[in-house]
Amino acid sequence: MAGRLPGAASAAAAPLPRALLLLAALALFSLTFLSLRSLRPAAAPPSLAIGGAPPPPPSLAIGGSRPSSFARPSVYHSAEAFAAGYAEMERSFKVYMYPDGDPKTFYQTPRKLTGKYASEGYFFQNIRESRFRTGDPDKAHLFFVPISPHKMRGKGTSYENMTIIVKDYVEGLINKYPYWNRTLGADHFFVTCHDVGVRAFEGLPFMVKNSIRVVCSPSYNVDFIPHKDIALPQVLQPFALPEGGNDVENRTILGFWAGHRNSKIRVILAQVWENDTELAISNNRISRAIGELVYQKQFYRTKFCICPGGSQVNSARISDSIHYGCVPDYYDLPFNDILDWRKFAVVLKERDVYQLKSILKSISQEEFVELHKSLVQVQKHFVWHSPPLPYDAFHMVMYELWLRHHVIKY
C-alpha cells in the first residue's frame, strides 16, 4: 500500500526474511547484518545528477572533488528525489491528531522521553510541536490515532486490559468521526515502540490490515506489512557517549559483540568465536563492575560490530549501533526505502557466521573507510530532538508517512 517518490530505487523494496540475522558492517565500526541478498556490497557508482531535479540541500551534499578514483556514493537511493520530496513534505504535509481521550491517562501523553522506548514518546511530543499538525481534518492527508501503549505499560496495565482499552478507544473514534470509513482506515496511523504495544492492537484486525503501523517491532509474526507499515527506529536516548566518526585510525579491533545467548545464532556466534584473539566476542553482557561505560567505549576501538538477532525483534541496538558505528538485526530496516543500506553495511547470509572472520578481514581498508564515511552521513537520521530538527528521526518518519499518503484515494 505504501508509495515512494518516482526515481527512488526499488532495490530496498524487498523485506528481509525472518530467518536471517543481520551482521552489519558500518562506518564508525562498520558492521555485519544478515539477509538473503549478497555476501559483499557491490562497488557503488558515483551518485548521478538527474536533469531538472533540484540539487540536494547542503546537509545532503555528496560527492565532490576527492583524491580517490571514485566519488563517494550517496547513502540515499536517490538524493535528488529525497531532497525534492522532503521539501514538498515540509511545504504541504498535514496530519490531524484526534483530540479525544484523557491526556492524563493513555491518550496523547507518552510515558517519558528516556529509555529504550523513548521513540514513542518523542513522536507524540514532536507531532504536537510540529508544523505538520493541523486542527482542520478536512485539510489532513493522514490521521494520527494518539493512544500510547507505552504509557499504559508504565501504569502496569495488563495486556488483556490494554487490548480492551485500545479497541474501545479506536471504535469510539470510528463511530464519532466520518474520516475512517472513507478509506477503511488506510489514511490512519498509530505509533508504538513496545512489542506489547503492537500486540495491543490485535483486537482490531481491520486496523492491523489497513492502517499504517509505525512500530519498533517490524516482525512478520505480528503481521508487519513492509511498505505499508513503517519500521520505527528504537532510540535509547540520551546516548552515554558522543557520536563516533573520523576516527578510523583508532579502530584496531576487528569485530566486537557482547550479549546473552538468547537465540540460536548468538549461541553459534559465541561457540565459534568467543576464544578468537582478533574478534572480541563475549557471551555475556559487559558488567558495569569492571568500569564505567566499558561496553560503549569498546565501540570506539572496533572496526566491525557484530549484531546478531536476539529473542525479540525490537531493539535499541539499531540506534546505538549507528551512533557508535554498528547496525543490529532488523526484519525491515528503518528508512529502508530512503537509505541505501549497502553503502554503509556489508550484507551476509546466516550460514556465513562460520566464515565471519575471513569475510571481515577480506574487506579492504579502502572499502572500510568508505563505509565509515557513509555511516557518518546517516547518523543525523537516527536521533530525536525536542523540538524536532530537520532530517532527524522525527522528520524521517514523517517523510515515510508522506510517501505512503500518495497511494491513498478517497
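## Pairing of S2 and S4

Strand S2 (residues 95-97) and strand S4 (residues 142-144) run parallel and are joined by three bridges. Within this pairing, Met97 has Phe144 of S4 as its bridge partner. Everything described here comes from a predicted model.

These two strands belong to an open sheet of six strands, with the order S3-S2-S4-S5-S6-S7 and parallel pairing. Its edges are strand S3 (133-134) and S7, each of which pairs on one side only. As a reminder, strands of a sheet pair through backbone hydrogen bonds, either parallel or antiparallel. Helix H2 (residues 118-129) lies across S2, S3, S4 and S5, and runs at about 135 degrees to S5.

Strand S5 (residues 188-192) runs parallel to S6, and four bridges join the two. Here Val191 stands opposite Val214 of S6. On the next step, S6 pairs with strand S7 (residues 230-231) over two bridges, again in the parallel sense.

How do the side chains of strand S6 (residues 212-215) point, and are they buried or exposed? Ile212 and Val214 point one way, Arg213 and Val215 point the other way, and all of them are buried.

The model has one disulfide. Cys193 and Cys216 form this link, with their sulfur atoms 2.1 Å apart. The pair links distant parts of the chain, 23 residues apart: Cys193 sits in the loop between S5 and H6, and Cys216 in the loop between S6 and S7.

The link of Cys193 and Cys216 is left-handed, with -90 degrees about the S-S bond. Both Cys193 and Cys216 are buried. Another cysteine, Cys305, is buried as well, with a relative accessible area of 5%.

Asp187 is in the loop between helix H5 (179-183) and S5. Its relative accessibility is 0%, under the 20% cut-off, so Asp187 counts as buried. The side chain of Asp187 makes a polar contact of 2.8 Å with the side chain of Thr183.

Glu202 lies in another loop, between helix H6 (195-199) and helix H7 (205-210). Is Glu202 buried or partly exposed? Glu202 has a relative accessible area of 43%, which makes this residue partly exposed. Its side chain makes a polar contact of 2.7 Å with the side chain of Tyr159. Glu202 and Val166 are 36 residues apart in sequence, while their C-alpha atoms are 9.3 Å apart in space.

Helix H1 (residues 79-92) has 14 residues, which at 1.5 Å a residue should span 20 Å; the end C-alpha atoms are 20 Å apart, so the two values agree. Of the 14 residues of H1, 10 are buried, so this helix is largely enclosed by the rest of the structure. The buried residues are Ala79, Glu80, Ala81, Phe82, Ala83, Gly85, Tyr86, Met89, Glu90 and Ser92. What do the buried residues of H1 pack against? They pack against helix H13 (393-405).

The buried residues of H12 are Phe368, Val369, Glu370, Leu371, His372, Ser374, Leu375, Gln377 and Val378.

## The protein overall

Stepping back to the whole chain, the protein has 13 helices and 11 strands. Of its 410 residues, 58% are buried. Among contacts between residues at least 6 apart in sequence, 77% join residues at least 24 apart.

Technical notes. Residues are numbered from 1 along each chain as its sequence is written. This is a predicted model: local features need pLDDT of at least 70, side-chain atom pairs count only at pLDDT 80 or more; totals for chains, interfaces and linings use all residues. Side-chain values use heavy atoms; hydrogens and water are left out. Buried means under 20% relative accessible area, exposed over 50%, partly exposed in between (1.4 Å probe, protein chains only). The expected span of a helix is 1.5 Å times one less than its number of residues. Contact means heavy atoms within 4.5 Å. Two strands pair if DSSP finds at least two bridges between them. A polar contact is a pair of N or O atoms within 3.5 Å; within protein, one must be able to donate a hydrogen and the other to accept it, and residues adjacent in sequence count only if both atoms are side-chain atoms. A disulfide is a pair of cysteine sulfur atoms within 2.5 Å. Axes are lines fitted to C-alpha atoms, for helices over the stretch in contact, and angles run from 0 to 180 degrees between N-to-C directions.
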